[in-house]
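Q: I would like to learn how to read a few features of a protein model. Please give the general idea each time, then the case at hand.

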Amino acid sequence: MTKGKVDALLGIVFGDEGKGKVVDFFTPKYDVVARFAGGPNAGHTIIFEGKKFVLRSIPSGIFDEGKLNIIGNGCVIAPDLFMAEAHELEVAGYSLTERLHISRRAHLILPTHRVLDRAYEAAKGKAKVGTTGKGIGPTYSDKAARIGLRVGDILHDFENKYAILKARHEQILRDLHFTDYDIAEEEARWMEGVEYMKKFQLTDTEVEINRYLREGKSVLAEGAQGSLLDIDHGTYPFVSSSSTTAGGVCTGLGVAPSSIDRVFGIFKAYSTRVGAGPFPVELFDETGEEIRRIGNEFGAVTGRNRRCGWIDLVALKYAIMINGVTDLVMMKSDVLDSFETIKVCTAYTKDGITTTDMPYDTEGWQAVYEELPGWKTPLDKLRRESDFPPAFTAYINYLEQALETPIKIVSVSPDREATIIR
Ligand code: IMP
């Protein structure tokens, strides 16, 4: 953490890397915590003072009195879900209105965006993305089409702007013959959410952040989703619709590339993916089931089974390159405690071709593995690197060498104290 700089904390695979577990380790070091991309498709599970919270749009610094939290311009926000999320925090005793600033440039997710999300998915038949259904794609589409509604719009002539965009959506839904929906109740709550948002500071957050940086304050850019779900660099079209990578920090917060210092890349000791799309390391056997069971790999937002597999170095190397990762953070190492051997995907192969570079189209590629001995020792009680079983140290060393990036933090259990700095 450097004063006057932005550090990024990013999931670098398919999301769900366990950011929620480490943010309370990171956030105390920073003056400002900012979300720069995505919206309520994220679900950051945070346990604070013994109580569990799932943060979707609100940054993880919200539990800390002295910290400013920002929802940046690169985010999309659903007023009804935001209200529910904020209300839960307020009931738990966290006052938000002074400590949470929302960019006026962030886009609003309308109830009809969520219907469109469902309609587009239904129209795709077998090629479904498996979205979270939160209206993310349609909202970012409207942003790019320059017809979206922004947070700042709620302060001026909003009803009229809302009606125009809603009518546009309804026309598309009629064209798609997707008319069997009823948003009356949802819309009423959504409008309540819009009113509720007015009590927050809806500001030009890019100006604020840059002022803080000039004053020598430190900013943590908190990522959502993962690098391989990035609209440009992910496994398109099976991606989310925002810039989830380090570049998205600049566009999603309005900070210059030169203001970024450390880029922390979070990954798990194995791989998971929610939703459809290529996943060469996916295991369909008992080992995959074991990883899911031990790792409790069920979606925080949708409750869906996460697809599970061994670690994927092709994907990780690509993500490290795209993001300029300076420090790696390995989560959930203890999930692999019981395995006799641990496999590592070092390349992909298809039609006699083998590659260690991320292919343009990851569909149909098979993983090539190397096998390492398992450590067969519970890691969860360990708090010092010197106590690690040799096979676990060997796994870490192997990954560091292959990825040419240091693994600076290793997590060995859900406990806060089980976050070991190297
Ligand atoms: P969307 O972001 O709802 O449009 O979903 C697009 C794809 O990204 C789907 O495969 C989702 O399962 C996946 N996705 C979106 N958000 C997350 C997340 O926070 N964690 C993991 N996967 C996500």
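A: Start with burial: a residue is buried under 20% relative accessible area, exposed over 50%, and partly exposed in between (1.4 Å probe, protein chains only). This is a predicted model, in which local features need pLDDT of at least 70, side-chain atom pairs count only at pLDDT 80 or more, and totals for chains, interfaces and linings use all residues. Residues are numbered from 1 along each chain as its sequence is written, and side-chain values use heavy atoms, with hydrogens and water left out.

Q: Is Thr 355 buried or exposed?
A: Thr 355 has a relative accessible area of 17%, so it counts as buried.

Q: Which residues is Thr 355 in contact with, leaving aside its neighbours within four places in sequence?
A: Contact means heavy atoms within 4.5 Å. On that basis the partners of Thr 355, apart from neighbours within four places in sequence, are Val 314, Ala 347, Tyr 348 and Trp 365.

Q: Where is Asp 327 found?
A: Helices (H or I, at least four residues) and strands (E, at least two) are DSSP runs, numbered from the N terminus. Asp 327 belongs to strand S15, residues 327-331. Its relative accessibility is 3%, so Asp 327 is buried.

Q: What does the side chain of Asp 327 make a polar contact with?
A: A polar contact is a pair of N or O atoms within 3.5 Å; within protein, one must be able to donate a hydrogen and the other to accept it, and residues adjacent in sequence count only if both atoms are side-chain atoms. For Asp 327 the partner is the side chain of Lys 408, at 2.9 Å. Not counting residues up to four places away in sequence, Asp 327 also touches others, including Arg 262, Phe 264 and Thr 405.

Q: How many helices and strands does the protein chain have?
A: The protein chain has 11 helices and 20 strands. Of its 422 residues, 56% are buried.
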